Amino acid sequence: MQRTIHVIGAGVSGLAAAVKLANAGHRVHLHEATPLAGGRCRSFYDAATDLTIDNGNHLLLSGNHHALAYARSIGTEAGLQGPKAAEFAFVDLETQKRWMVRLNRGPIPFWIFRNSRRVPGTRAFDYLALMPLLRAKNSERIDQRIACKGTLYERLVRPLLLAALNIEPPEGSAGLAGAIVRETLLAGGGACRPLVARDGLSAVLVEPAIALLKSKGATVTFEHELHKISTNGDRVAALTFGNDTVPVGADDVVIFAVPAKQATTLLPGLKAPTEFSSILNAHFRVETAMKIPPILGVVNGLVEWIFPFPHRLSVTISGADRLMNEPRDELARAIWQEVCAATGVQGNLPPWQIVRERRATFAATPEQDALRPGPVTALNNLFLAGDWTATGLPSTIEGSIRSGDRAADCVFKMS
Ligand SMILES: Cc1cc2nc3c(=O)[nH]c(=O)nc-3n(C[C@H](O)[C@H](O)[C@H](O)COP(=O)(O)OP(=O)(O)OC[C@H]3O[C@@H](n4cnc5c(N)ncnc54)[C@H](O)[C@@H]3O)c2cc1C
């Protein structure tokens with residue numbers, strides 16, 4: 001049956017649901033509160049650097065199957081670019097030591113037996129220490145399953161888990177960390193190739209989806225914030241956007257793909273995460289092309305990851321709550337100094353921008369993870385999507401797109 005579906009929120013979860021449903025022939029109306037789509041995954045023109053930059057560097061991995069399938073469905077899979085193999089360059093700013101972690105393609109981890117491929121100062125046996133994460137309960141913290149110290153932890157496990165969970169690993173959910181290890185290191189190099197949207201998040205993951213939706217006859221309405229739902233028994237009967245009230249017919253469906261806070265406001269009584277964690281990104285305009293690995297991990301610094309883009313070097317610092325109120329120019333200077341030390345780039349502070357996303361992700365602790373709802377609500381024609389719903393992953397594009405796909409599947413299953 002062809003239904004009318006109202007998708008509320010045009011972040012990647014809402015876009016994924018909308019694209020899947022429109023491709024299946026449903027009439028889709030996408031409503032977005034702001035003037036632009038993309039939510040926490042978007043590009044914008046920045047006057048300080050005179051460049052179009054992303055709100056944050058977003059790293060995907062080749063094993064992010066839902067994200068890649070989504071990109072394929074909107075024709076932009078080739079826009080997710082990275083090295084041919086699962087290679088991660090690192091530098092330790094304290095010792096100036098440099099190394100490259102190079103996973104072999106298949107799931108049997110031959111790389112941990114090769115000095116030239118594993119983390120320097122570690123033995124193959126050390127990697128077995130990660131196994132307890134795979135059997136972790138969702139109620140456990142990472143430091144209850146593994147020792148959060150030692151060379152392997154400092155040089156690989158901490159950077160990986162901090163980036164994935166956006167929280168200092170010891171306090172993070174061991175269940176979510178186990179999911180990350182299962183889908184990355186354990187799946188082998190074929191699943192771990194780092195990928196970024198080289199031409200920008202909006203160009204690769206957002207605008208083509210909007211174009212596809214319009215070509216399928218979907219409507220996309222910006223500055224159309226949902227303020228209230230009206231119910232009739234166990235169904236949503238109307239949606240109120242400012243002065244505009246839209247009836248929801250007997251067979252129509254609504255998908256909330258809004259952040260946790262907005263979802264709980266619209267649907268009182270809904271259980272959802274209440275604590276969030278921030279990410280800081282710094283962007284520096286650079287004129288000349290540099291020989292910098294596509295992704296460079298930094299240990300023992302303020303900086304955690306450096307990504308080269310055309311005309312810019314961009315830095316990610318996760319779990320950055322401590323930096324939210326620091327003076328911006330001091331941060332820019334300190335970060336640039338570390339970028340120079342890590343990359344060998346020289347020169348005075350170039351034009352820069354710092355983007356601080358305070359509510360970048362839900363805080364990936366066991367307690368907050370336990371608050372995540374599934375897609376089904378008490379209302380028969382209302383489903384939930386978003387990175388904060390129970391996807392089994394931390395707040396990530398992959399989790400977000402999985403949640404959008406899952407909400408679409410709930411519609412397909414309706415009689
Ligand atoms: C700085 C930063 C770096 C990140 N790095 C990575 C990374 O490296 N890798 C990775 O996988 N993930 C990363 N993430 C996480 C990733 O961006 C998010 O998981 C994902 O974008 C969330 O998408 P979403 O659709 O679930 O939610 P959102 O993007 O929050 O989308 C929700 C949308 O709903 C709209 N909305 C809200 N209320 C209403 C309303 N009442 N009516 C209509 N619309 C409404 C909002 O405006 C928004 O557009 C990062 C996030 C940030 C902020």
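Reader: Why does glutamate 140 count as buried?

Author: In this predicted model, glutamate 140 has a relative accessibility of 15%. Buried means under 20%, so glutamate 140 counts as buried. Glutamate 140 is placed in the loop between helix 3 (131-134) and helix 4.

Reader: What makes the approach of glutamate 140 to lysine 137 a polar contact?

Author: The side chain of glutamate 140 reaches the backbone nitrogen of lysine 137 at 2.7 Å.

Reader: Which residues is glutamate 140 in contact with, leaving aside its neighbours within four places in sequence?

Author: They are Arg145, Gly172, Ser173, Ala174, Gly175 and Pro366. Contact here means heavy atoms within 4.5 Å.

Reader: How do you know that the span of helix 4 is close to the expected one?

Author: Helix 4 (residues 151-165) has 15 residues, and its first and last C-alpha atoms are 20 Å apart.

Reader: Where does helix 4 bend, and which proline follows?

Author: The bend, of about 45°, is at valine 157, and proline 159 follows within four residues. Both Val157 and Pro159 are buried, as are other residues of helix 4, including Leu152, Tyr153 and Arg155. Just after helix 4, asparagine 166 takes a positive phi of about 55°.

Reader: What makes both faces of strand 16 covered?

Author: On one side of strand 16 (residues 296-299), Leu296 and Val298 are buried; on the other, Gly297 and Val299 are buried.

Reader: How do you know that strand 16 pairs with strand 7 and with strand 17?

Author: Pairing requires at least two bridges. Strand 7 (residues 87-92) and strand 16 share 4 bridges in the parallel sense, and valine 299 is the bridge partner of aspartate 92. Strand 16 and strand 17 (residues 305-309) share 2 bridges in the antiparallel sense, with tryptophan 305 as the bridge partner of glycine 297. Each pair therefore meets the requirement of at least two bridges. In the hairpin of strand 16 and strand 17, asparagine 300 takes a positive phi near 60°.

Reader: Which residues come nearest to the ligand?

Author: Of the 36 residues around the ligand, Ser13, Glu32, His58, Leu59 and Asp387 come nearest. A polar backbone atom of leucine 59 is 2.7 Å from a ligand oxygen atom, and a polar side-chain atom of aspartate 387 lies 2.7 Å from an oxygen atom of the ligand.

Conventions
Residues numbered from 1 in each chain as written. Predicted model: local features only at pLDDT ≥ 70, side-chain atom pairs only at ≥ 80, totals over all residues. Heavy atoms only, no water. Expected span 1.5 Å × (residues − 1). Bend = angle between axes of the 7 residues up to and from the residue. Buried < 20%, exposed > 50% of the residue type's maximum accessible area, 1.4 Å probe, protein only. Polar contact = N/O pair within 3.5 Å; in protein donor to acceptor, adjacent residues only side chain to side chain. Near = heavy atom within 4 Å.
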